[in-house]
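Hi everyone, and thanks for making time. I'd like to walk you through a structure that is new to the group, so please take a look at it first.

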Amino acid sequence: MAHTSDHYYVPHGSHWPIVASVALFTGVIGAANWFNGHSAGQMILFLGLALVAFMMFGWFGTVINESLKGAYNEQVDRSFRQGMMWFIFSEVMFFAAFFGALFYARVLSVPWLLGGDLSTHEFLWSSFGENWPTNGPGNVGGDFESMGAWGIPAINTLLLLSSGVTITLSHWALKANDQAKTVLWLAATVALGATFLALQAYEYIHAYHELNLTLGSGIYGSTFFMLTGFHGFHVTIGTVMLIVITLRAAKGHFSPDHHFAFEGVAWYWHFVDVVWLGLFIFVYVL
Amino acid sequence: MSTATATHDDHHDHGPAKGLMRWVTTTNHKDIGTLYLLLALVNFFIGGAMAMVIRAELFQPGMQIVDPQFFNSMTTVHALVMIFGAVMPAFTGLANWLIPMMIGAPDMALPRLNNFSFWILPFAFTLLLSTFFMNGGGPAAGWTIYPPLVLQMGDGFPFMIFAIHLAGISSIMGSINVVVTILNMRAPGMTLMKMPLFVWTWLITAYLLIATMPVLAGAVTMLLTDKFAATSFFSAAGGGDPVMYQHIFWFFGHPEVYILILPAFGVVSAIVPTFARKPLFGYSSMVYATASIAFLSFIVWAHHMFTVGMPVVGELFFMYATMMIAVPTGVKVFNWVSTMWKGSMTFETPMLFAIGFIIMFTIGGFSGLMLAIAPSDFQYHDTYFVVAHFHYVLVTGAIYSIMAATYYWLPKWTGNMYDEKLGKMHFWLSTVSVNVLFFPQHFLGLAGMPRRIPDYAVQFADWNMISSIGGFVFGVSQLLFAYVVIKTIRGGEKATDQVWEGAHGLEWTLPSPPPYHTFTEAPQVK
């Protein structure tokens, strides 16, 4: 590693942010057109996503190069760390909205539909009697079975918890300057994450084909698929990030006292792990 | 805070790049601050033009100018543009310009991210405004976009949702930058309790933004899937509840209200001491009051929904929690007044706007207290009384503070003094007309005129006509503001470094205008 600068690094001009804005703009125009039923929308969406991927290669590549050149001192490193922590906090709040919807439905609105101490439901839908899981008085999406907790979800819980252990072992190895073990445990973490995703995909197929449980299965289907779906999306992002730092660790980019990227990804991974525990308890078990 | 100096990727010191690309690729906090402020000014006039359409339609009872659908989209988009496009970017622009200069930092902590945060916004507002040209027109369900009404929107619906997503990404990234800059980039000796209040209020505002913008993103994502992916979040047939949307939305929406006003408190707390020539009264109580307001903002949201059919326990909790906000807010008003007490005051334009803020924001605060009383709110809810209330806190509150800030710091930014005579004229024209515009709306609301309605019973005709006249005068007066700003940018009497005799703080130790890069060597703060 080159010697580290004494100065706070202020980059001079960058075209990556405007590429990022154009990429997002293209992507959402595509998605919006797709939703509106225009066939071109899908193509535009994929073009936007390709631009996002291109931008990420470029932007992160620039940052990695600057880091390897030793442009970042301790204070810059602290900015990155704090920035990542606040970003993860914002992600927590995004999930909070969906957990809030789940709790609101289960604790308040579904019991209200069942009548509670009001008599309105006697006149509106007296036959509606299921508490949770439910697809509402309209039986929206047709009869379905809910997802059990102690099959795939329990295995997935074990997988993610183990992956939290393996990434910590990797971190310890990195701090002990043992590159081979760092890469090995990182690869194990990637494998656990990928297995989780594969099982999750299998679970979705099972839900759609055998349980008639879909995104359209009333409030149960909505909260089930949106919560687990957004979580799965975050696990996917986390796995991609893990693959990137595995390759970087193999290239020897990290030193025992300078490896923000590793820690940022590890924090993110623990975050998706914790969200999963919330999901396992409130979506599957209870 | 350990390092004292800053460097750039080139070895020589450099000024800005030439041409248009300077603004597109810039990572400089001053350039980005300018971009934010210009975007805010443009959106202020776009949103203002929509307000003019609203007041023109309401000038007389009966349908005169626009059809009801378009009228509703005017009220909706006026609000979205003013909140997300004018007030928030204006405050972010002020934060960009001022926070590094106030805490002695070389720039914002994450300069590339800073550029990204700004440049998402023009795209977001292009998306939002493009919906007017689509099948079904612009959003017309009110800025709160409640289901099920908003789900009836035409082709523009997903574009509006994505516009909100993009604006939210911009806000979150911008706020992360502000928090990290404040916590990590302060000059040696600039302890937290020595920071100017503008920096404090922005720290807390940024925290609120990071905490609540993702919740809004979640809420509008649920709208999107309810419309296009067969989910039932807000449909009772599937076991969901349209009221659930209102809870999630206002969990974001109420902190958002304070996002729009806390930086204004910071601006006023900077200006009043300068022109009273006394230090701010009760600095630490100002900090604690700001933090208390931020905390309370998370537990009062359902006061926006008193008439929705909540359990009485809920009504009572949200009523009392809301009223508690009056305490820290009262502390602030008390401190500003006490700062002026026995000061040797002068009344330059920034001070006029700051005093106007204190008086008229307080009027808006009091009408807010009236609205907080749940049983009374059943009378006021969704009437013009609410419209009067939030325009007092947002126009004569938030926007007055932005104008005060512009007059106050523009000489620092440009090196030129603004035209004091025109500035004062702008203040008095605005202040007289804005009260003619909004004060009668209290009467209309108490008498029962509903908001978001293009036509009304003839009994409301007189006050509506007076309100519209005030509106037109206020609208035209803002052209004078734009003229003063442009004139000051182009030239004028040279400003001194300190600009104002009573001004204190690091930004006033820099030349006017400050060089492109400032505090590359961190100052020592005693």
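**A walk through chains A and B**

Let's begin with chain A: starting at the N terminus, its elements follow the order β-α-α-α-α-α-α-α-α. That comes to one strand and eight helices. If you turn the model on the screen, the C-alpha trace of chain A spans about 75 × 40 × 35 Å along its principal axes.

Before we go further, please keep in mind that this is a predicted model. For the complex, the predictor gives an ipTM of 0.96 and a pTM of 0.95. Chain B has an average pLDDT of 95, and 97% of its residues score at least 70.

How is chain A divided by the domain assignment? Domain 1 covers 1-72, and domain 2 covers 73-285. Taken over C-alpha atoms, the centres of domain 1 of chain A and domain 2 of chain A are 25 Å apart. Where these two domains touch, domain 1 of chain A gives nine residues and domain 2 of chain A gives seven. On the domain 1 side of that contact in chain A, five residues are nonpolar, three are polar and one is charged.

Now let's look at how some helices pack. In general, a pair of packed helices is described by the distance between the axes and the angle between them.

Our opening pair is in chain A: helix H1 (residues 16-35) and helix H2 (residues 40-68) of chain A have axes 7 Å apart, at an angle of about 160°. H1(A) and H2(A) are therefore roughly antiparallel, since an angle over 145 degrees counts as such. The crossing of H1(A) past H2(A) is left-handed. As for the residues in the contact of H1(A) with H2(A), 18 are nonpolar, nine are polar and none is charged.

Next, still in chain A, find helix H3 (residues 74-113) and helix H8 (residues 260-285) of chain A. Their axes come within 10 Å and cross at roughly 15°. Are H3(A) and H8(A) roughly parallel or roughly antiparallel? That angle makes them roughly parallel. H3(A) and H8(A) have a right-handed crossing. If you'd like to pick out side chains, the residues that H3(A) brings to this contact include Phe80(A), Met84(A), Ile88(A), Phe95(A) and Phe99(A). Among those from H8(A) are Trp267(A), Tyr268(A), Phe271(A) and Phe282(A). By class, the contact of H3(A) with H8(A) has twelve nonpolar, two polar and three charged residues.

Over in chain B, H6(B) and helix H8 (residues 262-276) of chain B have axes that come within 7 Å and cross at roughly 175°. H6(B) and H8(B) are therefore roughly antiparallel. H6(B) contributes residues including Phe198(B), Trp200(B) and Trp202(B), while H8(B) contributes residues including Phe265(B), Gly266(B) and Val267(B). The contact of H6(B) with H8(B) has ten nonpolar residues, four polar ones and no charged ones.

The peptide bond from Pro147(B) to Pro148(B) is cis, with omega near 0°, and Pro148(B) sits in the loop between H4 and H5 of chain B. Ser512(B) and Pro513(B) are also joined by a cis peptide bond, with omega about -10°. You will find Pro513(B) in the segment after helix H16 (461-490) of chain B. Then there is Arg277(B), which has a positive phi of about 55° although it is not a glycine. Arg277(B) is in the loop between H8 and helix H9 (283-296) of chain B.

Let's finish where the chains meet. How many residues does each chain bring to the contact? Chain B brings 61 and chain A brings 59. On the chain B side, the elements that each supply at least two residues are strand E1 (6-8) and helices H1 (20-25), H4 (111-130), H5 (156-184), H6 (197-228) and H7 (242-259). That side of chain B has 36 nonpolar, 19 polar and six charged residues.

Key
Residues numbered from 1 in each chain as written. Chains lettered and ligands numbered in written order. Predicted model: local features only at pLDDT ≥ 70, side-chain atom pairs only at ≥ 80, totals over all residues. Helix = DSSP H or I, 4+ residues; strand = E, 2+ residues; numbered from the N terminus. Nonpolar A, V, L, I, M, F, W, Y, C, P; charged D, E, K, R; others polar. Axes fitted to C-alpha atoms, helices over the stretch in contact; angles between N-to-C directions. Parallel < 35°, antiparallel > 145°, perpendicular 65-115°, else oblique. Left-handed = near helix turned anticlockwise from the far one by under 90°. Domains from an automatic or database assignment. pLDDT = per-residue confidence, 0-100.
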